[in-house]
Amino acid sequence: MPAPRRADLQADCASCFGLCCVALPFARSADFAADKPAGKACGNLQADFRCGIHTDLRERGYPGCTVFDCFGAGQKVSQVTFGGTDWRSAPGTSGAMFAVFPVMRQLHELLWYVTEALGLAAARPVHRDLRRAADRIEELTRGSAEEIRAVDVNALRGEVNELLLRAGELARAGLPGRRRNHRGADLIGARLAGADLRGASLRGALLIAADLSGADLRSADLIGADLRDADLSGADLSGALFVTQAQLNAARGDASTVLPAGLERPVHW
């Protein structure tokens, strides 16, 4: 089975039944203007499953929606798992559909990371195992609703993470100089303007509101790093490993921020 295409792991809202707007809960906060329990449609969801305030989400108090990324899980559940039958026309499917979506989202996130790792030439020693992992996860995503709900995602994530860690280490191994290790570090609000973080491990680091303006993040491993409200103005993220669009959307940057290939500059920068 061929590795998933990157395009298949990007949200296609036109092919989804608004699952993120219904299946998931959110609480009134700086990210959301109102409370919404899981399984209840957001008041902004229209009859055609599109968001009625999509172009004004941040201004209307819903910046959290602009950060969320399903990695293509929405259309997979809508069009593959449930064969194009939506929860409004077949209300009996809603419970199962809404339960499957969060699991599918995690599986697609893993597929995203594995696909990224397969694109790293230096990680060739683990490419065979990565392809096997991609095939296994893809097969899981094509199971029945009951089979998907039964997947032990935590165990699977632990296995795949070992491969991703090895791939990241191989990709950073050829860089000159000492590479900083900030894996899982609490760097909330840290002053790292202009810091040399080339090839650093920032896996799972808390970088909320950190000042990374002008920082050199080339080839840094940013898998799972929390970049909410981090200042990336003028930072260089070219070649940074495992960066997602959601991480960029949650951060602040400007026209001079250098992005990894394949990712888009958020419209609010």
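Q: Why is Ala246 called buried?
A: Its relative accessible area is 14%, and buried means under 20% (exposed is over 50%, partly exposed in between, with a 1.4 Å probe and protein chains only), so Ala246 counts as buried. This is a predicted model, where local features need pLDDT of at least 70 and side-chain atom pairs count only at pLDDT 80 or more, while totals for chains, interfaces and linings use all residues. Residues are numbered from 1 along each chain as its sequence is written, and side-chain values use heavy atoms, with hydrogens and water left out.

Q: Which residues does Ala246 touch, not counting residues up to four places away in sequence?
A: Val67 and Asp69, where contact means heavy atoms within 4.5 Å. Ala246 itself sits in helix α7, residues 245-250 (helices are DSSP runs of H or I, at least four residues, and strands are runs of E, at least two, numbered from the N terminus). Ala246 and Leu263 are 17 residues apart in sequence, with their C-alpha atoms 9.9 Å apart in space.

Q: What makes α2 and α3 oblique to each other?
A: Helix α2 (residues 73-81) packs on helix α3 (residues 94-118) at an angle of about 125°, with the axes 8 Å apart. Under 35 degrees is roughly parallel, over 145 roughly antiparallel, 65 to 115 roughly perpendicular, and the rest oblique. The pair is therefore oblique.

Q: Which residues of α2 and α3 make the contact?
A: From α2, they are Ala73, Gly74, Lys76, Val77 and Thr81. From α3, they are Met97, Val100, Phe101, Met104, Arg105 and His108. Sorted by class, that contact of α2 with α3 has six nonpolar, three polar and two charged residues (Ala, Val, Leu, Ile, Met, Phe, Trp, Tyr, Cys and Pro are nonpolar, Asp, Glu, Lys and Arg charged, the others, Gly among them, polar).

Q: How do you know whether Lys76 is buried or exposed?
A: Check the relative accessible area: Lys76 comes in at 8%. Lys76 is therefore buried. Lys76 is part of α2, and, not counting residues up to four places away in sequence, Lys76 touches Thr81, Met104, His108, Glu138, Thr141 and Arg142.

Q: Why are α3 and α6 called roughly parallel?
A: Helix α6 covers residues 153-173, and α3 packs with α6 at an angle of about 15°, their axes being 10 Å apart. At that angle the two are therefore roughly parallel to each other. The crossing, with α3 passing α6, is left-handed.
On the α3 side the contact involves Val103, Gln106, Leu107, Glu109, Leu110, Tyr113, Val114 and Ala117. On the α6 side it involves Val153, Leu156, Arg157, Val160, Leu164 and Ala167. By class, this contact of α3 with α6 has 11 nonpolar, one polar and two charged residues.

Q: What makes Leu156 count as buried?
A: A relative accessibility of 3%, so Leu156 passes as buried. Leu156 is in α6. Setting aside neighbours within four places in sequence, Leu156 is in contact with Leu107, Leu110, Arg136, Ile137 and Leu140. Of these, take Leu110: Leu156 and Leu110 are 46 residues apart in sequence and 9.1 Å apart in space, C-alpha to C-alpha.

Q: How many residues has the largest nonpolar core?
A: It has 78 residues, and those with the most contacts inside it are Leu207 and Leu212 (a core is a set of buried Ala, Val, Leu, Ile, Met, Phe, Trp, Tyr and Cys residues joined through side-chain atoms within 4.5 Å). Elements giving this core two or more residues are α2, α3, α4 (127-141), α5 (145-149) and α6. The largest share, 14 residues, comes from α3. Apart from this core lies another, of six residues, among them Phe26, Phe32, Ile53 and Tyr62.

Q: What makes Ala209 count as partly exposed?
A: Its relative accessibility is 37%, so Ala209 is called partly exposed. Ala209 lies in the loop between α6 and α7, and has a positive phi of about 60° although it is not a glycine.

Q: And why does Ser219 count as buried?
A: Ser219 has 18% relative accessibility, so the label is buried. Ser219 lies in the loop between α6 and α7. Its phi is positive too, about 60°, although Ser219 is not a glycine.

Conventions: Axes fitted to C-alpha atoms, helices over the stretch in contact; angles between N-to-C directions. Left-handed = near helix turned anticlockwise from the far one by under 90°.
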